[in-house]
Amino acid sequence: SEWRKVEPQLSKLIGVELKQGEENKVQLRGNCSSVGVPMNPGSPVGEIQDADIARIAGDLPQWQTVAGNLGFGQKDIVDIENNNKGAPADQRESFLRKWIWRDGSAATYEKLSEVLERLEEKGAAEKICEIAQERINKTNNST
């Protein structure tokens, strides 16, 4: 059936095993609700998808501080800056790609939103949650 084709990809996207049925519609949970994006407790967001990196990077303020809060050292940050001199958008995308490569499935929309909230970047945190919600809505509509 069509479900058998979609289910493995969907499970990987959101990070949980799913079973066919309406009750398994996925929604965001957790701290995104504190920035004004309504969430359903209990369903994980999932790892950041490659297709969303450019949008996220465009809304990412003070990426160096975000990187430091995600465990990047000063040398890592300087390397990203030096490899993308004069191109702040490229620096932000490069940072996100390195974080996703380093942390794998732990590099989630929710984790990034949590860091942004801690840094009092509520607008950016909300935007990340909105991007994640759009991703999940697309996933829900394709099942």
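## Ground rules

The model is predicted, so local features need pLDDT of at least 70 and side-chain atom pairs count only at pLDDT 80 or more, while totals for chains, interfaces and linings use all residues. Residues are numbered from 1 along each chain as its sequence is written, and side-chain values use heavy atoms, with hydrogens and water left out.

## The overall fold

Let's start with the whole chain. It has 7 helices and 0 strands, where helices (H or I, at least four residues) and strands (E, at least two) are DSSP runs numbered from the N terminus. Along the sequence this reads α-α-α-α-α-α-α.

Of the 143 residues, 42% are buried; here buried means under 20% relative accessible area, exposed means over 50%, and partly exposed lies in between (1.4 Å probe, protein chains only). The chain exposes about 7,700 Å², with carbon and sulfur atoms supplying 46% of that area; accessible areas come from the Shrake-Rupley method with a 1.4 Å probe, and for residues only the protein chains shown count as cover. Among contacts (heavy atoms within 4.5 Å) with a separation of 6 or more, 65% are between residues 24 or more positions apart.

## Salt bridges

Side chains of opposite charge can pair when their charged atoms come close. A salt bridge here is a side-chain nitrogen of Lys or Arg within 4 Å of a carboxyl oxygen of Asp or Glu, and the model has 6 of them. One of these joins R55 and E134, with 2.7 Å from N to O. This pair links distant parts of the chain: R55 sits in helix α2 (residues 53-58) and E134 in helix α7 (residues 122-142), 79 residues apart. R55 is partly exposed at 33% relative accessibility, and E134 is partly exposed too, at 35%.

K75 and D79 make another bridge, their closest N and O atoms 2.9 Å apart. Both belong to helix α4 (residues 74-83), and because they are 4 residues apart, about one helical turn separates them. K75 is exposed, with a relative accessible area of 61%, whereas D79 is partly exposed at 29%.

After α5 comes G104, with a positive phi near 55°.

## Aromatic pairs

Rings of Phe, Tyr and Trp (its six-membered ring) pair if their centres lie within 6.5 Å; planes under 30 degrees apart are stacked, over 60 edge-to-face, and the rest tilted. The structure holds 2 such pairs. One of them is F72 with F95, edge-to-face at 5.3 Å centre to centre and 75° between the planes. The two are 23 residues apart, with F72 in the loop between α3 and α4 and F95 in helix α5. Both rings belong to buried residues, and ring pairs link W63, F72 and F95 into a cluster.
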